[in-house]
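Could you walk me through the side-chain contacts in this protein? I would like a friendly tour that I can follow with the model open on my screen.

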Amino acid sequence: QEAYAIDPLDGDVLAGLERLLTGTGRLDDLISLLERRAAEVAGSDSATELALLVRIGEIYRKELQDPGRAVEYFEKVLERKPNHTLALSALADLHEQAGDWQRCITVLDKAAQTAEDTKAMGDCFYRIGLIKRDRMGDVAGAMESFNAVLEVDPEHRAVLSTLKEYFAKEEDWGRYAAIMEAEERVTTEPEAKVALLLELAALMRDRLHAPDQALGYLEQANS
């Protein structure tokens, strides 16, 4: 580490040392090195400091299999930048792996509220919905989260598929039709669009007893 001692802020030197220490399995030394660099840039380069703290958290999470220490570092990042995307995602993963569903949901909700785009926000709400449904047995809460997805991202394919499956199981054909209509609107492939329109026509005719609407979908499919 002599080169680092000469110029501790040299990014190339740090990268070289990181490769060396990783390759030789000296992860404790690597963590010490990254901590020193983070301390040196603290206050002058917050982006680099946070990136280094995230890297340490990832070493604890992936290489050292120490989720407790990993959580500490990701929380340090969030203390400085509450909307740090990578730290929020990693922390949610750790809580989910630990089976701490409520903490996972809290972190995902924070990630959703600070997401940079509607797709990322929708993905967070969708993940919350799956946890509520599959891990907590809270179907009503899951439906609220799935509806939140559609509010921010009406074209979210995964939630459309999930809701379609759920309403079919419940034989709630009115809501099933509404989801199919949403799915048809966001489908651009001609053959898939025709298939959805034909399915909607059959649904209106056989389940909802709405022949006029069934005819309308058939006309769209044949246009």
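How many salt bridges does the structure hold? The structure holds 15 of them. Please keep in mind that this is a predicted model.

## A network of charges

Glu 58, Arg 61, Lys 62, Asp 93, Glu 96 and Arg 127 are joined in a network of salt bridges.

| Salt bridge | N to O distance |
|---|---|
| Lys 62 and Glu 58 | 3.7 Å |
| Asp 93 and Arg 61 | 3.6 Å |
| Asp 93 and Arg 127 | 2.6 Å |

Take Lys 62 and Glu 58 to begin with. Why are Lys 62 and Glu 58 separated by about one helical turn? Because they are four residues apart in helix H4. Their surroundings can be compared through their accessibility. Lys 62 is exposed, as its relative accessible area is 51% and the cut-off for exposed is over 50%. Glu 58, at 15% relative accessibility, counts as buried.

Next comes Asp 93, whose side chain meets Arg 61 in a salt bridge. Asp 93 belongs to helix H6 (residues 85-97) and Arg 61 to helix H4, so this pair ties together parts that are 32 residues apart in sequence. Arg 61 has a relative accessibility of 17% and therefore counts as buried, since buried means under 20%.

The side chain of Asp 93 also meets that of Arg 127 in a salt bridge. Here the link runs between distant parts of the chain, from Asp 93 in helix H6 to Arg 127 in helix H8, 34 residues apart. Arg 127 is partly exposed, with 22% relative accessible area.

## Aromatic pairs

Now for the rings. A search of the whole structure turns up four aromatic pairs. One of them is formed by Tyr 60 and Tyr 73, which are stacked, with 5.7 Å from centre to centre and 20° between the planes. This pair links distant parts of the chain: Tyr 60 is in helix H4 (residues 46-63) and Tyr 73 in helix H5 (residues 67-80), 13 residues apart.

Another pair brings together Tyr 126 and Phe 146. Their ring centres are 5.6 Å apart and their planes meet at 40°, so the pair is tilted. This pair, too, links distant parts of the chain, with Tyr 126 in helix H8 (residues 118-135) and Phe 146 in helix H9 (residues 139-152), 20 residues apart. Both Tyr 126 and Phe 146 are buried.

The charged end of Lys 76 sits over the ring of Tyr 73, at 4.4 Å from the ring centre.

## A nonpolar patch on the surface

Moving to the surface, which residues form a nonpolar patch there? They are Val 194, Leu 198, Leu 215 and Leu 218, which together have about 300 Å² of accessible area. Helix H12 (190-206) and helix H13 (211-222) each supply at least two residues of this patch. Val 194 has its place in helix H12. Its relative accessible area is 31%, which makes Val 194 partly exposed.

## Two more residues to look at

Where is Thr 187 placed? Thr 187 is in the loop between helix H11 (173-186) and H12. With 9% relative accessibility, Thr 187 counts as buried. Leaving aside residues up to four places away in sequence, Thr 187 touches Arg 157, Ala 192, Lys 193 and Leu 196.

Glu 181 is found in helix H11. At 23% relative accessibility, Glu 181 counts as partly exposed. Again leaving aside residues up to four places away in sequence, Glu 181 touches Leu 200, Met 204 and Tyr 217.

Note on methods:
Residues numbered from 1 in each chain as written. Predicted model: local features only at pLDDT ≥ 70, side-chain atom pairs only at ≥ 80, totals over all residues. Heavy atoms only, no water. Phe/Tyr/Trp six-rings, centres within 6.5 Å; stacked < 30°, edge-to-face > 60°. Buried < 20%, exposed > 50% of the residue type's maximum accessible area, 1.4 Å probe, protein only. Lys NZ or Arg CZ within 6 Å of the ring centre and 35° of its normal. Patch = residues over 30% accessible without salt bridge, like charges linked within 9 Å, V, L, I, M, F, W, Y side chains within 5 Å. Areas by Shrake-Rupley, 256 points an atom, 1.4 Å probe, with all protein chains shown as cover. Salt bridge = Lys/Arg side-chain N within 4 Å of Asp/Glu carboxyl O. Contact = heavy atoms within 4.5 Å.
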